[in-house]
Amino acid sequence: MNDLLEKIDLTNLENAKFLVELKAGFNKELAKFHDKVKPPSKNGHVDFVSKKGGRTKYDYVQLEDLIKAIDTALNGIGMTWSQDSEVNNGAAKVRTRILSSNGYEYVSPWIVIKTSGQAQDIGSAITYAKRYSLGTSFGINSETDDDGQKAQESIRKQNSNNNSTTKANLNPVNRMITPKQLGEIKAQLIELGLAKGTSSDIEANKYLSMAKLKRLEDLSSDYAKALLKHIEEDLKQVKATENKSNEFDDFLKGR
């Protein structure tokens, strides 16, 4: 489907409308998924001391638990997913495809992890890459991310505080997102979309579904501040994909 979309002449108004409708259908189903999905427990553990004496310790979601959480939430929505994997010169490559019921397909960037070339290392790398690619494609954190978690907690806390705000603080001037914040968030969403190979609209809808809102303009100023931090942390995580080979080495040491 993506190959077909790439060949569409978007200078034609009808073609452009068709593509917008497809994307809208995809975003709608993805929003339903986020309403239903329950974050899987982090049942995997890494804990080891390096040669330099530093300690690495974190928890992560095992692939089978991540798949179960995603498939359960997708039930009845009409959206499906699959993954491609390749091995070239000892490097494991994985990407995720998400297909909407209307035929629109999202294809994630390749996750590439270099290995020793041994069969066991390649198998572990593929599993690791599948978990990371699947989690990021569906917007589910599969590893411990203290900063990201704090940002999400801040967003949830702000949402709760907004519901119990006194009348004195309900002045729209005080609680509405500022033009500067809106511009910063949109700029970050564009950068995040480019880094992930999606679009700013798809990324925005993921966050808006968390806030149960339909427009960025409806965010409060404090909520927007917490959301901006969350987006920045997600962007850091995506950019850190380039360093996944080193992280995978650490992962293997702690198993």
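## Ground rules

Helices (H or I, at least four residues) and strands (E, at least two) are DSSP runs, numbered from the N terminus. The structure above is a predicted model, in which local features need pLDDT of at least 70 and side-chain atom pairs count only at pLDDT 80 or more, while totals for chains, interfaces and linings use all residues. Residues are numbered from 1 along each chain as its sequence is written, and side-chain values use heavy atoms, with hydrogens and water left out.

## Two loop residues

Let's start with Ser-100, which sits in the loop that links β4 (91–99) to β5 (105–107). Is Ser-100 buried or exposed? Its relative accessible area is 4%, so Ser-100 is buried (buried means under 20% relative accessible area, exposed over 50%, and partly exposed in between, with a 1.4 Å probe and protein chains only). Leaving aside residues up to four places away in sequence, Ser-100 touches Gly-25, Phe-26, Glu-29 and Gly-78, where contact means heavy atoms within 4.5 Å.

With Glu-29 there is also a polar contact, side chain to side chain, at 2.9 Å. That term stands for a pair of N or O atoms within 3.5 Å; within protein, one must be able to donate a hydrogen and the other to accept it, and residues adjacent in sequence count only if both atoms are side-chain atoms.

Asn-89 belongs to the loop between β3 (80–88) and β4. With a relative accessibility of 85%, Asn-89 counts as exposed. Its phi is near 55°, a positive value in a residue other than glycine.

## Helix α3 against α4

Helix α3 (residues 63–74) and helix α4 (residues 119–138) have axes that come within 10 Å and cross at roughly 30°. This makes α3 roughly parallel to α4 (angles under 35 degrees count as roughly parallel, over 145 as roughly antiparallel, 65 to 115 as roughly perpendicular and the rest as oblique). Axes here are lines fitted to C-alpha atoms, for helices over the stretch in contact, and angles run from 0 to 180 degrees between N-to-C directions.

From α3, Leu-63, Leu-66, Ile-67, Ile-70 and Leu-74 meet α4 residues Thr-127, Lys-130, Arg-131, Leu-134, Gly-135 and Phe-138. By class, the residues of this contact are seven nonpolar, two polar and two charged; Ala, Val, Leu, Ile, Met, Phe, Trp, Tyr, Cys and Pro count as nonpolar, Asp, Glu, Lys and Arg as charged, and the others, Gly among them, as polar.

## Helix α7 and its partners

Helix α7 (residues 179–196) packs with helix α9 (residues 221–239) at an angle of about 20°, their axes 10 Å apart. That angle makes α7 roughly parallel to α9. Among the residues making the contact are Ile-185, Leu-189 and Leu-192 of α7 and Leu-228, Ile-231 and Leu-235 of α9. The contact of α7 with α9 divides into 10 nonpolar, three polar and seven charged residues.

With helix α8 (residues 200–211), α7 packs at about 110°, with the axes 8 Å apart. Here α7 is roughly perpendicular to α8. Leu-189, Ile-190, Leu-192, Gly-193 and Lys-196 of α7 make this contact with Ser-200, Glu-203, Ala-204, Lys-206 and Tyr-207 of α8. The contact of α7 with α8 has five nonpolar, two polar and three charged residues.

At 37% relative accessibility, Met-210 counts as partly exposed. Met-210 and Ala-31 are 179 residues apart in sequence, and their C-alpha atoms are 8.7 Å apart in space.
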